[in-house]
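Good morning. I have one structure to go through today, so please have a look at it first.

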Amino acid sequence: MRSKRSEKFYSIAQAKAKLSEVVKESQKDDVLITKNGVPYAALISYERYRKISKLMDDLYDLYLLEVGDPSKFAEISSDKMLDEDFEEV
């Protein structure tokens, strides 16, 4: 089983000052950028982004299979699913 990627935290000022280093670090670890000490944004590798996007598309397709006729749920889209808080989904 693959181990969970570690997370690195940077304030916005730190990330801005070390942008090249932070981007390089995002290839092996998830980088969380904080604002006033609270996680505000995440920087991930492009490959990880592609995998997450594909997973979301696949989950959306499975969701449509489960609910049946997708025309009844026209207001639901994979983009809308991403707008929701994870606790609510």
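**A walk through the model**

Asp 58 is partly exposed, with a relative accessible area of 32%. Please keep in mind that this is a predicted model.

Now the overall layout. The protein chain has 4 helices and 3 strands. Starting at the N terminus, the order of elements is β-α-α-β-β-α-α. Of the 89 residues in the chain, 21% are buried. The accessible surface is about 7,400 Å², and carbon and sulfur atoms hold 57% of that. For contacts with a separation of 6 or more, 19% are between residues 24 or more positions apart.

Next, the strands. Which strands pair with β2, and in what sense? Strand β1, residues 7-11, pairs with β2 in the parallel sense over 5 bridges. One of the pairings is Glu 7 with Asp 30 in β2. Strand β3, residues 38-43, pairs with β2 in the antiparallel sense, also over 5 bridges. Here Leu 32 has Ala 42 in β3 as its bridge partner. β2 and β3 form a hairpin with 2 residues between them, and Asn 36 in the turn has a positive phi of about 55 degrees.

Is β2 enclosed or open to the outside? In β2, 5 of the 6 residues are buried, so the strand is largely enclosed by the rest of the structure. Take Thr 34, which is in this strand, residues 30-35. Thr 34 counts as buried because its relative accessibility is 12%, and the cut-off is under 20%. Leaving out residues up to four places away in sequence, Thr 34 touches Phe 9, Tyr 10, Ser 11, Ile 12, Pro 39 and Tyr 40.

Ile 33 has a contact list too. With residues up to four places away again left out, its contacts include Tyr 10, Ala 15, Val 38 and Ala 41. Ile 33 also belongs to the largest nonpolar core, which has 5 residues, the others being Tyr 10, Ala 15, Val 22 and Val 31. As background, nonpolar side chains in soluble globular proteins tend to be buried together.

There are nonpolar residues on the outside as well. Leu 55, Leu 59, Leu 62 and Leu 65 form a surface patch with about 420 Å² of accessible area together. Leu 62 lies in helix α3, residues 46-67, and is exposed at a relative accessible area of 53%.

Back to charges. How many salt bridges does the structure hold? There are 4 salt bridges. Besides the pair I opened with, Glu 47 and Arg 50 meet at 3.7 Å, N to O. These two are 3 residues apart in helix α3, so about one helical turn separates them. Glu 47 is partly exposed at 41% relative accessibility, and Arg 50 is partly exposed at 44%.

Another salt bridge joins the side chains of Lys 28 and Asp 29, at 3.5 Å from N to O. Lys 28 is exposed at 55% relative accessibility, whereas Asp 29 is buried at 9%.

Last, Arg 48, also found in helix α3. Arg 48 is partly exposed, with a relative accessible area of 26%. Its C-alpha atom is 9.7 Å from that of Ser 26, 22 residues away along the chain.

Key
Residues numbered from 1 in each chain as written. Predicted model: local features only at pLDDT ≥ 70, side-chain atom pairs only at ≥ 80, totals over all residues. Heavy atoms only, no water. Buried < 20%, exposed > 50% of the residue type's maximum accessible area, 1.4 Å probe, protein only. Contact = heavy atoms within 4.5 Å. Areas by Shrake-Rupley, 256 points an atom, 1.4 Å probe, with all protein chains shown as cover. Core = buried A, V, L, I, M, F, W, Y, C linked by side-chain atoms within 4.5 Å. Patch = residues over 30% accessible without salt bridge, like charges linked within 9 Å, V, L, I, M, F, W, Y side chains within 5 Å. Pairing = 2+ DSSP bridges.
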